[in-house]
There are 2 protein chains.
Amino acid sequence: MTQALGIPRSLGEIYGLLFATPQPLAFQDIVDRLKMSKGSVSQGLRFLRTVAAIKPVVVTGDRREFFEPVIELRQLVSGFLRERLNPQIETWGTRAKALKPTDFALETLSEDDRETLDSRLDKLKTWQKRAGLVLPMVSKLLG
Amino acid sequence: MTQALGIPRSLGEIYGLLFATPQPLAFQDIVDRLKMSKGSVSQGLRFLRTVAAIKPVVVTGDRREFFEPVIELRQLVSGFLRERLNPQIETWGTRAKALKPTDFALETLSEDDRETLDSRLDKLKTWQKRAGLVLPMVSKLLG
DNA sequence: CCGTGTGTTCATTTTGAATTGAACTCAATG
DNA sequence: CATTGAGTTCAATTCAAAATGAACACACGG
């Protein structure tokens, strides 16, 4: 599933292991069970934390950090949107606003050409607006 | 933008070129302008066609196939959902249905463990249902 | 403070996906 | 039917992203 969204398989594996394990797991557990390097697991957990797909659990009397999966679809999706999609959409949007049809003029443009480029740039801005509007709704619909 | 969705940069480039060009372009135009191999362009165009991000245009008196970008956000998004996300969700869903808590039993499970696994499997099925419900709505909201 | 266990960092290596390019098919044209 | 140009296919290559692993912090307990 993650692969279809451009997220590395290993992250899916870590999440999957946590999901399939009733008890919270510690760093080393994951390394052992998945036979992954500590480096990978460290980076993987960091990412999963920033997108809020897992949550740390404190086990008293144990120095280690344990992790549990977040299982609310809404949280998973909005984490992905927030961390992955929104940043892209924003930079893309601000760059789009700066564009003018003449930026494309590799040859001189006919009046018709100018018009189609104008309307396409408009589209770009519309996309931007719609995305900003709809993505938050998606999270809510899933909640 | 495409990269955030796990779509190769080159596809974004082809689409971008078509988007930035008022006239429809032919295969060879794209190869020349982007300095890409024919193989890449061929596969790229195929993908863009299957997700309906571009449409072929017939220019009378010219043997070549020309292409125009599809600029409706709704079509672009639903193409992506249909070709990339839905297939994954389906196979994932059918596999999830076949799972039972005992499939996870690497050690013997306590009653508590069985319960949490049960509830997680339920979640999995809920996800599946919600996704099937919400994704089509997304396309509509964008249209 | 020293040792031990936990987790991080980052330069190197690996790997798998994307790209290339040569060989090919297929249509149209003279 | 040869020829030319358009586009496809697919094995080999490239390359960037991900994984590794050794060196490094950091905290805690003795």
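Predicted model: local features only at pLDDT ≥ 70, side-chain atom pairs only at ≥ 80, totals over all residues.
Good morning. I begin with a helix on a sheet: α3(B) lies across β2 and β3 of chain B, and runs at about 105° to β2(B).

In chain B, 3 strands form an open sheet in the order β1-β3-β2, and their pairing is antiparallel. The edge positions are taken by β1 (25-26) and β2 (54-57) of chain B; each has a single partner strand, so one side of each is left without a neighbour in the sheet. Between β2(B) and β3 (residues 66-69) of chain B there are 4 bridges, and these two strands run antiparallel. As one point of reference on screen, B:Val57 has B:Phe66 in β3(B) as its bridge partner.

How are two packed helices described? By the angle between their axes and the distance between those axes. For α1 (residues 9-19) and α2 (residues 27-34) of chain B, the axes come within 11 Å and cross at roughly 110°. The two helices, α1(B) and α2(B), are therefore roughly perpendicular to each other. On the α1(B) side, the contact is made by B:Glu13, B:Ile14, B:Leu17 and B:Leu18, while α2(B) contributes B:Ile30, B:Arg33 and B:Leu34. Sorted by class, this contact of α1(B) with α2(B) comprises 5 nonpolar and 2 charged residues, with no polar ones.

DNA strand C is surrounded by 18 residues, and the closest are A:Lys38, A:Ser42, A:Arg46, A:Glu65 and B:Ser10. By class, the residues of this surface divide into 3 nonpolar, 8 polar and 7 charged. Which helix gives the most to the surface near DNA strand C? That is α3(A), with 6 residues. Both α3 (38-50) of chain A and α3 (38-50) of chain B supply at least two residues each.

Which parts of the strand face the protein? Among the atoms of DNA strand C within 4 Å of the protein, 65% belong to sugar or phosphate, and the rest belong to bases.

On the base side, an N or O atom in the side chain of A:Lys38 is 3.0 Å from a base nitrogen of DNA strand C. B:Ser40 places a polar side-chain atom 3.2 Å from a phosphate oxygen of DNA strand C.

Thank you; I would be glad to take questions.

Note on methods: Residues numbered from 1 in each chain as written. Chains lettered and ligands numbered in written order. Heavy atoms only, no water. Near = heavy atom within 4 Å. Polar contact = N/O pair within 3.5 Å; in protein donor to acceptor, adjacent residues only side chain to side chain. Nonpolar A, V, L, I, M, F, W, Y, C, P; charged D, E, K, R; others polar. Pairing = 2+ DSSP bridges. Contact = heavy atoms within 4.5 Å. Axes fitted to C-alpha atoms, helices over the stretch in contact; angles between N-to-C directions. Parallel < 35°, antiparallel > 145°, perpendicular 65-115°, else oblique.
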